Amino acid sequence: MSSASNPGILTLSDISFSYAGGKPFINNLSLSVGVGEFIGLLGANGSGKSTMLKLGSGLLKPSSGKVMLWGKPLREYQNRDRAKLISYLPQTLDITVPFTVRELVGMGLYPYDIPPAITTDDALDMVGLSDKADSRLSDLSGGERRRTFIAMTLLQGAGLLLLDEPLANLDIKYQIELMRLIRKLRDERNISVVMALHDINIALQFEKVLLIKNGEILGIGRPADILTEGLITEAFDVNVKIIRHSEGKAYISYENNFS
Amino acid sequence: MKLRIFIIVLICAFTFFASLLLGPSVINPFTMDETAREILFEIRAPRILVACLMGMALGASGAVLQGILRNPLADPYILGISSGASLLAAAGIIGGITLFGSFTIPVLAFTGALLTGGIVGAMGWKRGGLWPERLLLAGVGLSFLFSAMLMLIMSIASDEGLRRAMLWIFGDLSMSEWSRIPYGLAFVAAGIVISGSRAKALNALILGDEFAHSLGFSPHRERVLLFISVGLMTSASVSLGGMIGFIGLLIPHIMRFFLGSDSKILIPASALGGGTLLCIADLISRSLLPPMELPAGIVTAIIGAPYFLYLLRRKNVLSI
């Protein structure tokens, strides 16, 4: 939770949500995202991670509870004003569209009549894609494609990024590269990031982790406090073991489930 | 890019003027007699303007529809608008209806098109939004229904009525006259202006509703506006000269190949390309076997299909 000195950009209070009259998918969930926070959203498939991000971005409307952005109800914002404050990157990144990298990144300026100080070239430079500006999206590697979309959200200039599994289907190298990039951008631009992910070991790299199961929060706090053997077992329904290196760093092993 | 746009504008302008001067008789603009002047201003000019308007409407509609339906196979006729127009127009031709004088068939076609567009829109609407899959399925379903009804009417029609209805359905520009241009221009211009002004939203919708929302658009509202623009353009086009196949499918793909997928460029470029292709097809259709005229719709398909198949072999071309 954000502290009094770090007021919440986005606050979800007692949110519930169900799809098309079904049983509640998100249940009385509350979360506050403070300025510059870097939050990992962890949970099994179908636990409600993506739904929670969609509720936070205004893409879905909660059946009960409040979503506040900078202290004002999210639904009271004009679409374009909201887009200047929150950027949501969905999990499915369509790659068949033959936009060039420059065209796609440039879409980040759509909410603006007067472009902000940052330019498309700046955004491409920040994600290291200046030399690919005129390439078509479909000609890029998976990692480059993700970086392109990150550049688009950067150009959008929002202070809060809601990223739905940006590391999914990427090789370890690209996962590390993208994590470094997102963290660097957070540090340089003091933006807040909430990121859904699957890899428990990568979740250890976050400053704050939210563990979710069946639309309810199992725990929220520092990874060391939340990513315990008991809570992970409860969230994912597998046995895990936390192994600590001599220098104190931990990683989570689940190999004993295979035998 | 600017050079490519310039070349396309140049080709379009050249085709327009060439279509005016060429045909079964070649007109020299510097030595025109009274007959040549009459052919030029009373026959060719309105006909070529109608061809331009229809082609522009179909090209731009195709670019918009492929985007909002996120389907590279979409064309303006996929929503059943043309089937509804054809049904009423054929009924008018075969039934000998003359309610609005020479405007009877265009008015009937336009009414049929708008009614069909309205029904497709209503069926595509659910939970406060316009859904691409529902639109597509409703359009295909209605298209089948209206085509069957059209066949039924045609199967009981007289030979002369049948021939005239067939000519209209395959795209008949021979009835073009100046009086049709103002309303055609108004609806086509309105459609191009609406869709052109929503080009950024269309780009975002091509990426998906979630992106469109994140970039500050209301996906359903934008789809409604774009759907209205397509409805206006397609209805105007069908009522001006019947069904001209292939332009709405082919032209956006050709333009995408040369100019990329950015709708801000693609919509006006597809309009220009559509107008150009139909002018060329019309020139061929009236010049190939004079005094007989081939339906322009058949010529566009004969020119377009091989090029479309050629494009099919090129990487990244047949996508939205």
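Mentor: Strand β3 (residues 38–43) of chain A pairs with β8(A) in the parallel sense over five bridges. Strands here are DSSP runs of E of at least two residues and helices are runs of H or I of at least four, both numbered from the N terminus; two strands pair if DSSP finds at least two bridges between them. This is a predicted model, in which local features need pLDDT of at least 70 and side-chain atom pairs count only at pLDDT 80 or more, while totals for chains, interfaces and linings use all residues. Residues are numbered from 1 along each chain as its sequence is written, and chains are lettered from A and ligands numbered from 1 in the order in which they are written.

Within this pairing, A:L41 stands opposite A:A196 in β8(A). Strand β7 (residues 160–164) of chain A also pairs with β8(A) in the parallel sense, again over five bridges, and A:L160 stands opposite A:S192. From β7(A) the chain crosses through helix α6 (residues 172–189) of chain A to β8(A), in a right-handed β-α-β crossover (with the strands pointing away from the viewer, the path from the first strand over the helix to the second runs clockwise).

Strand β8 (residues 192–197) of chain A is itself mostly covered, as six of its six residues are buried (20 or more other C-beta atoms, placed from the backbone, lie within 10 Å of a buried residue's own; 12 or fewer means exposed, and in between partly exposed). In a regular strand the side chains alternate between the two faces of the sheet. Accordingly, A:S192, A:V194 and A:A196 point one way from β8(A), and A:V193, A:M195 and A:L197 the other way.
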